[in-house]
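Dear colleague,

Please find below the structure that I am handing over to you. My findings follow directly after it.

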Amino acid sequence: MSQNTIYFFWDCLQYLINGIAQGSLYAIVALGYTMVYGIIRLVNFAHGEFLMLGAFCGYFALKFHLPMPVAIIASMLGAGIVALIVERMIYRPIRSEGRIPALITAIGASLFFQYTGQLVFGADPKTVPPVFTEVLYTFGEINVSNIQIFIFVLTILILVFLWWLTHFTKIGVAMRATSYNLKAAELMGINTNRIIAFTFFLGASLAGLAGILMGYTMSVEPMMGMSLGLKAFVAAVVGGIGVIPGAALGGFILGIAENMVAGLYKSSFRDGVSFFILIIILLIKPSGILGKNVKEKV
Amino acid sequence: MDYYLQILTNVGIFITLTLSLNLINGYCGQFSLGHAGFWGVGAYASAVYGVYFALPIDPAFNMAIALSVGFIAAALCGLLIGIPCLRLKGDYLAIATIGFSEILRIIIMNTESIGGPRGFTNIPRWSNSWWVWGTALLVTLFMLNLKRSAYGRAIISIREDEIAAETMGVNLFRYKLFSFIVGAGIAGMAGSLVAHDQQFLHPNNFSFMWSVCILVMVILGGQGSVTGSIVGAVILTILPEILKLIGSDVSTWRVSIYAALMIILMLTRPQGIFGPHELFEKKKYQKGLA
Amino acid sequence: MTQPLLDLKNVTMRFGGLTAVKDVSFSVNKTDLVAVIGPNGAGKTTLFNMITGIYTPSEGQVLLDGLSLNDKQASDITSLGIARTFQNIRLFNNLSVIDNIKIARHTRIQYSFLDGIFKTKKYRNEEKLIEEESLKLLALFNLDSKKDLLAKNLPYGAQRKLEMARALATKPKLLLLDEPAAGMNPTETKELSELIHFIRDQFQIAVILIEHDMRLVMEIAEKIFVLDYGNLIASGNAFNVQNNPKVIEAYLGAEI
């Protein structure tokens, strides 16, 4: 094997690792998308903005010299509370109007936060004050940072937590019941409004977590939620929207594919890859890789 | 004076665009969120004609050719995207159309011969308000007459109930594809008008945000209503200009208010100003109710 | 022997592991008035969906006038002469009553798309004819005074009637009615049975209905097919079917 070929493999491995780290972030965001879709069949376009608002909460916490764990909690709570307010004020009243008005409302909410965010915080990207130093571990020709490892481990922990929550807790069973059949769940005495609100809170707090992590590795700005939100949403659809492991799978696929294409071909095609995968999946299996097919009853 | 003329031209272009989306979204009930992509394809295609292939003839003839080029290019894209995507329904179709329009944008971004990320410049100025308003008028007539013909009724029945429409003998795929192609083509004509009016194009002018804006115009007026689309396009093109007069930090305030209006509209009147009906036929269908 | 209008030959429909209709064969002649009955989930609506092309049978064939419908699309089957109504009414809700009827004329339209866009003479003449015929049809159902109402604003009984009128407007040879009496009171059901008779005699077409109202079925059906768990367990006239032990078992359960 020539020297070039060996380097090529090292490069690929490096892109793979970067892809997994980035995919972890997508996965965390996609989980929130998928949970909300699973429960009320709403594509919550404002999910990316929950992420952005969470990131700002964490940014201000760090600005005031609070420790990182506090900043993370601030991000999660901040995003969660905003989601609760949005759900109560906008999404709940529109729910009975059908899916398309709800979708349009969600797009409106997303735009509202993006641009109002620019008015309040300013449009310029803000750098989060560094709290812990980035350590690079080198294996042969590849580098892995402690932050990348942290994000990946965190994603796995979140997945395990969600699996436990939906299968072994009372509220998790209620969530699954509501997602299966909202009316029937209501008749069984489940307070579906509360379950939906809880799902929003949970999804948004995950988005907030992803927000501060992303803000920490890059920067915080009002428009940060838009492209990340759209990508995460694509990840959720690719994996099978409404299916929790699907969101994670979709996130990893997207992260890896993007880094591979950007690294091996051209970085300006990075954003195109995710949409390309999306189209392919929608054409082959519209319900996503792990999704179930639903047929309309006549 | 020029400023007002520019607004007037923009209104005309947005009427055309809104009507074209209304054919897909309002008449046929197919939820497309990638309409700006077709707009962009039409704009770039006719700009390519203008820059590289323009014939040494009168600008009016060249504009007519450019309009056809815009229509055909966008309609072909509509065909290519429609064949695979129209099997999908509701939000899935919406997502697929976002995906396609973003891919189109990224392709334009990466094509150096049409300016890539720097934008496409030196497009000949062939368009004027006559072209813009002539197109808007023709498209309006087309939409009104279509609605009153058997073919328009077939398209509208798909929006109302796909299975019932099919049982009435309406070939779903054919009519969905037809609306998609023609809607895309008309958007392409609007693109051509923009290209030869502003003489400059940038891929970001045809991003997802613009698809949303056109959609909001359709929804505000009422899905399926021609007069509604016109009213929606007029209000939402002029409103930002009025807001410009009061706000200092123009563009940001504008979108914030725009977005808030969108939410309020959905909460208070999700069917839009006119619903699926026209301005002048409003009373007729209520007559029997008394 | 004359060819039957509709001929089902060993028709089977499977959804994954579930067999909804199993090896069913029967035929219907011109101007027959027949009923398909059976407990809930027996596969009656699935049968209709196969005849109208919404599903394609997994096995067997559906023939209309000797022509196989298996490879035909639902919209083509309509133009070949089969029309139907739905169990849960499917009208074009936001359109006027008369537009609902006009859409049903779709497969018989003569003028071209461009005729419509440019409003040519051909378009105007044909639209005038459609308007007249649609009104005539509505008049038969006493709906002509409500022609400009939106379909969703009609009372329930009138919606059922409009759905039937709309099906007839496609000019079918065979009309399928899926639970036309559902939600109707005894007076309305009585009217309905007269209406169905009238439709058959007036338009000279065959009618198949799915119905749970046994009084209606026994009163108007000349022949009855009984489905149970996807199997055709009995067929014949009202008397035969009523006294068939298999039918009694299907409806009341086996005697212990």
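A residue is counted as buried if 20 or more other C-beta atoms lie within 10 Å of its own. By that criterion, buried residues make up 53% of the 298 residues in chain A. Please note that this is a predicted model.

Chain A comprises eleven helices and two strands. Read from the N terminus, its elements follow the order α-α-α-α-β-β-α-α-α-α-α-α-α. The C-alpha trace of chain A spans about 65 × 50 × 35 Å along its principal axes. Its radius of gyration is 19 Å, which agrees with the value near 19 Å for a compact globule of 298 residues. Among the contacts in chain A with a separation of 6 or more, 76% are between residues 24 or more positions apart.

In chain C, the domain assignment gives domain 1 (6-81 + 172-252) and domain 2 (91-154). The centres of domain 1 of chain C and domain 2 of chain C, taken over C-alpha atoms, are separated by 29 Å.

Helix 3 of chain C (residues 97-104) deserves a separate note. This helix is mostly covered, with eight of its eight residues buried: C:Val97, C:Ile98, C:Asp99, C:Asn100, C:Ile101, C:Lys102, C:Ile103 and C:Ala104. Against what do these residues pack? Within chain C, the buried residues of helix 3 pack against helix 5 (121-140) and helix 6 (156-169); they also pack against helix 6 (150-160) of chain B.

With kind regards

Key. Residues are numbered from 1 along each chain as its sequence is written. Chains are lettered from A and ligands numbered from 1 in the order in which they are written. This is a predicted model: local features need pLDDT of at least 70, side-chain atom pairs count only at pLDDT 80 or more; totals for chains, interfaces and linings use all residues. Helices (H or I, at least four residues) and strands (E, at least two) are DSSP runs, numbered from the N terminus. The radius of gyration is taken over C-alpha atoms; the globule rule is 2.2 Å times the number of residues to the power 0.38. A residue is buried if 20 or more other C-beta atoms lie within 10 Å of its own, exposed if 12 or fewer, and partly exposed in between; C-beta atoms are placed from the backbone. Two residues are in contact if their C-beta atoms, placed from the backbone, lie within 7 Å. Domain bounds come from an automatic or database domain assignment.
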